[in-house]
Amino acid sequence: MSKLIFHIGPPKCGSSSIQAFFMEKSPCKEKVKFIYLNSSIIGHFNKGNLNPENDTKFNHFIKKLEKALNRYDAVILSNEFFFECHTSIRNISKFSSSKTIKIVGYSRKQSDFLLSSFSQWEFRELRTKDSILMVLKQHGINAAIFWGAEAFLIAAILSD
């Protein structure tokens, strides 16, 4: 019987890298099926008492999942939104024929989380970037010798 694995990685903890590995590299094609689920589907499945008999979208998904479970040694369902949608995990697990269900997540050290978050969001904000450069320049510091998050922290300390 196949294993059903939920990859639930919380946001900003490397989930995209893991997903890219499975989607682009396709390792273990013969034995592992990787399914990246859309967030709207996970949200739809995050209802109490969901049943494939009275929900066509859920019914279609469960049938697709069962085909994969019958064909592969393991099926991985992945999306960061699972981290917030525990009921969807329960609903999928309840109607799955798999006897082995695992939940896998990866978390980062707090400092890595902050750097990743900064790198994705803060450095794009032009007002933030301009104010960092202005503070560093006022103190005679060359911003070019620092990573974005380092410059941000230095400017925050200098400007109190």
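Let's begin with a pairing: Phe34 sits opposite Ile76, which belongs to strand 3. Before I go on, please keep in mind that this is a predicted model.

Okay, hold on to Leu77, and let's move to the nonpolar core. In soluble globular proteins, nonpolar side chains tend to be buried together. The largest nonpolar core in this model has 21 residues, and Leu77, Phe82 and Ile92 are the ones with the most contacts inside it. Which elements give two or more residues to this core? They are strand 1, helix 3, strand 3 and helix 4. Helix 3 gives the most, with six residues.

What does Leu77 touch, if we skip its neighbours within four places in sequence? Quite a list: Leu4, Ile5, Phe6, His7, Ile35, Leu37, Phe61, Leu65, Phe82 and Ile92. And apart from this core there's another one, made of six residues, including Ile132, Leu136, Ala143 and Ala155.

Next up, the aromatic rings. We describe a pair of aromatic rings by the distance of the centres and the angle of the planes. Searching the whole structure turns up four aromatic pairs. Take Phe45 and Phe58: the ring centres are 4.9 Å apart and the planes are at 70°, so this pair is edge-to-face. Phe45 is in the loop between helix 2 and helix 3, and Phe58 is in helix 3, so the pair links distant parts of the chain, 13 residues apart.

Phe58 also pairs with Phe95, edge-to-face again, at 5.8 Å centre to centre with 85° between the planes. Since Phe58 lies in helix 3 and Phe95 in helix 4, residues 86–95, this pair ties together parts that are 37 residues apart in sequence. Are these two buried or partly exposed? Phe58 is buried, at 0% relative accessible area, whereas Phe95 is partly exposed, at 25%. Put together, Phe45, Phe58, Phe61 and Phe95 form one aromatic cluster.

Two loop residues before I stop. Asn49 is in the loop between helix 2, residues 39–44, and helix 3, residues 56–71. Asn49 isn't a glycine, but it has a positive phi of about 55°. With 68% relative accessibility, Asn49 counts as exposed.

The other is Phe146, in the loop between helix 6, residues 126–138, and helix 7, residues 148–158. Phe146 has 29% relative accessibility, so it counts as partly exposed. Beyond its neighbours within four places in sequence, Phe146 is in contact with Ile141, Ala151 and Ile154.

Note on methods
Residues numbered from 1 in each chain as written. Predicted model: local features only at pLDDT ≥ 70, side-chain atom pairs only at ≥ 80, totals over all residues. Heavy atoms only, no water. Helix = DSSP H or I, 4+ residues; strand = E, 2+ residues; numbered from the N terminus. Buried < 20%, exposed > 50% of the residue type's maximum accessible area, 1.4 Å probe, protein only. Contact = heavy atoms within 4.5 Å. Phe/Tyr/Trp six-rings, centres within 6.5 Å; stacked < 30°, edge-to-face > 60°. Pairing = 2+ DSSP bridges. Core = buried A, V, L, I, M, F, W, Y, C linked by side-chain atoms within 4.5 Å.
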